[in-house]
Amino acid sequence: MDLGLTDKVVLVTGGSKGIGEGIVRSFLAEGAKVANVNRSTAEGLAMEAEYAAVGKECAFIQADLCAVENCQAAVEQALARFGRLDVVVNNAGVNDGVGLDASPAEFVASLQRNLIHYFAIVHHAVDAIKATRGAIINISSKVSVTGQGGTSAYAAAKGGINGLTREWAVDLAPFDVRVNAVVPAETWTPLYANWLETLPDPAAAKQQIERMIPLGHRFTTTEELADMVVFLASPRSSHTTGQIIYVDGGYTHFDRKLTGM
Ligand code: NAP
C-alpha cells in the first residue's frame with residue numbers, strides 16, 4: 001500500500017528509543033523526512049548520521065520537553081530546517097509512579113513530563129499543520145482507562161491525552177486536520193525492560209505478562225505500534241479522526257477468561 005508519505009515532514013517527540021524510534025524509522029522507510037525531538041543526544045545524533053549516509057533526513061533536535069519554552073524552540077527549529085510540518089507525533093513520556101502519596105508539586109512535575117508538552121508542541125505547531133492539512137497522533141497508554149495503582153499523575157496525563165485527542169479533532173476538523181491517539185499496553189521497549197529490572201524476578205514477571213496478552217502471548221513490537229501511527233498520519237486514513245485506537249494484542253478489552261490466564 002502506498003501511504004503517500006514521500007517527502008512529508010514529521011515531528012516526533014522522544015524518537016530516539018522505544019516506540020518513538022520505531023515510529024521515526026517507519027516514517028523514514030515510507031520516504032518521509034523526520035525531526036526527532038529528544039532529550040538525550042547520543043542516539044539521536046547516531047540516527048541522524050545513519051540516515052544521512054543513505055540520503056535520508058532524520059534531523060535531531062535536542063530538547064528536554066519538560067520546559068515549555070523548549071517545546072516552542074523545537075518546533076521553530078523543525079520549521080527552520082524543513083520549512084513545513086505535515087505530521088506531529090507526541091510520544092515522549094514516562095510512567096513515573098507519582099502516586100497519591102506524592103506531593104502536589106511532584107504531581108505537577110509529572111504532568112510536565114507526560115502531558116503539558118503534548119499541548120505545548122501542538123500549540124506551537126498548529127498553524128503549520130493547518131497550512132498542510134496535516135495530522136496529529138498522540139501516544140497514550142492503557143493506564144488512561146484501566147488505572148494501574150500508584151501512578152496518579154501518569155494516569156491523569158494519559159487520560160488528558162485521550163481528552164485532548166477528541167477535543168483537537170473537533171477544533172481542527174474545519175481545517176481538514178485529523179487527530180488520533182494510539183494506545184499501547186505492553187510494548188517491548190527500553191523503558192519497559194528497565195521497569196522489569198526493578199522487580200525481584202524480571203524473567204518470571206515478563207512471562208506472567210506475556211501469558212495475559214491474548215494475541216500471541218507476546219509483547220507488542222514497536223514496529224506494530226509504528227505501523228498504526230504511519231497509517232493514521234497518511235492520506236489512506238483520510239476520514240479517521242478523533243479515534244483512540246488500541247494496538248495491544250487484545251490486552252485491554254478482551255474477556256478476563258482470555259487475559260487472566
Ligand atoms: P522509552 O523507551 O523510554 O523511550 C522514550 C523516549 O522519549 C526516549 O528517547 C526519551 O529520551 C524520550 N523522552 C522522554 N521524556 C522526554 C522529555 N521530557 N524530553 C525529551 N525527550 C524525552 O519509552 P517508550 O516505552 O517507548 O514510551 C513511549 C511512549 O509510549 C510514552 O508516552 C509512554 O507513556 C507510552 N507507553 C508505552 C508503553 C510500553 O509498553 N512501552 C505502554 C503504554 C504507553 P531519554 O533517552 O533522554 O530519556
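Modeller: Let's start with a pair of side chains: those of R84 and D86 meet in a salt bridge. This is a predicted model, in which local features need pLDDT of at least 70 and side-chain atom pairs count only at pLDDT 80 or more, while totals for chains, interfaces and linings use all residues. Residues are numbered from 1 along each chain as its sequence is written, and side-chain values use heavy atoms, with hydrogens and water left out.

Biologist: Why is D86 called buried?

Modeller: Buried means under 20% relative accessible area, exposed over 50%, and partly exposed in between (1.4 Å probe, protein chains only). D86 has 5%, so D86 counts as buried.

Biologist: And why does R84 count as partly exposed?

Modeller: R84 has 37% relative accessibility, so the label is partly exposed.

Biologist: How do you know that E210 and K206 form a salt bridge?

Modeller: Their closest N and O atoms are 3.4 Å apart, so they too meet the cut-off. K206, at 27%, is partly exposed.

Biologist: What about R218 and E224?

Modeller: Their closest N and O atoms are 2.7 Å apart, again a salt bridge. R218 has a relative accessible area of 37%, so R218 is partly exposed. At 29%, E224 is partly exposed.

Methods:
A salt bridge is a side-chain nitrogen of Lys or Arg within 4 Å of a carboxyl oxygen of Asp or Glu.
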